[in-house]
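Please have a look at the structure, and then we can go through it together.

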Amino acid sequence: MEIKSENACFGGVQGVYTHKSDATSCDMTFGLFLPVEAQDGPVPVLWYLSGLTCTHENAMTKAGAQGWAAEHGIALVFPDTSPRGDDVADDDAFDLGKGAGFYVNATQSPWSPHFRMWDYVAEELPALLDENFAIDLDRQAISGHSMGGHGALTLAMGLPGRYRSVSAFSPICHPSQSDWGRKQLSAYLGNDENTWSGHDATHLMREAGFDGPILTDTGTKDQFFDLLKPEAFAAAVTERRQQATLRLQPGYDHSYFFVSSFMEDHVSFHAEALYA
């Protein structure tokens, strides 16, 4: 693992690191904020998964999460959104290929050699962090924005017992029924829609739910509202009688101005679960 940068931040350290990934068969970069409490022992960790076209850097520099995490003594992990490199398959469209991993393990050519973001986020990166940093993997929570909100919800429900809480900003809630999903899931996983269900938050909510609290925020002026389908997820939550707070925020769009406006709420929400 190579240290790309480490900067003092709210009493702790905001670092950026690169390592060779076995899961994605390429070099991967991630951001990690460690609060000052990490100097004395392992701290709970909040994962933040970013959206389409983003890297590890977007939320790290725009979300304003570090200050709130420092108040609660929580580490923040900012993974990349896809594999990178000259040998990694890509597409001319912004919503497929690099920057658009959708947090799945691809099974189809040309994506399958590198696009294994589920394994990267769920298995490889946690093990790397556990080996090198003072984080407590018994106290994990997960959040994300847009495509990352999709990833946060599906990982939380797909890995029972892993995360104590899950939240999302403008999540893609029903990708199997959205143009932000059908295109990518068919490309990465093939045309058999039965293989998509484990990566659809609405389906997972109906079938499994989540053993813990859920918080989502979506702006009423989100320019992608129809692609996100929050109403489908809300219906599934109601059907299951799932513990959840699903909020529509008047006047907000899909941008990081929206994310940063409600980041304090989300970090505090996770802190309550992580320190319960």
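Phe-262 has a relative accessible area of 10%, so it is buried (under 20% relative accessible area; exposed is over 50%, partly exposed in between, with a 1.4 Å probe and protein chains only). Tyr-252 counts as partly exposed, at 29% relative accessibility.

This is a predicted model, in which local features need pLDDT of at least 70, side-chain atom pairs count only at pLDDT 80 or more, and totals for chains, interfaces and linings use all residues. Residues are numbered from 1 along each chain as its sequence is written, and side-chain values use heavy atoms, leaving out hydrogens and water.

## Aromatic pairs

Searching the whole structure gives twelve aromatic pairs (Phe, Tyr and Trp rings, the six-membered one for Trp, with centres within 6.5 Å; planes under 30 degrees apart are stacked, over 60 edge-to-face, the rest tilted). One of them joins Phe-169 and Phe-258 edge-to-face, at 6.1 Å centre to centre and 85 degrees between the planes. This pair links distant parts of the chain, 89 residues apart: Phe-169 sits in strand S7 (residues 166–169) and Phe-258 in helix H9 (residues 256–261). Helices (H or I, at least four residues) and strands (E, at least two) are DSSP runs numbered from the N terminus. Phe-169 and Phe-258 are both buried.

Tyr-252 and Phe-262 are also edge-to-face, because their ring centres are 4.9 Å apart and their planes at 70 degrees.

## The cluster

Which residues form one aromatic cluster? Tyr-48, Phe-78, Phe-169, Tyr-252, Phe-258 and Phe-262 do.
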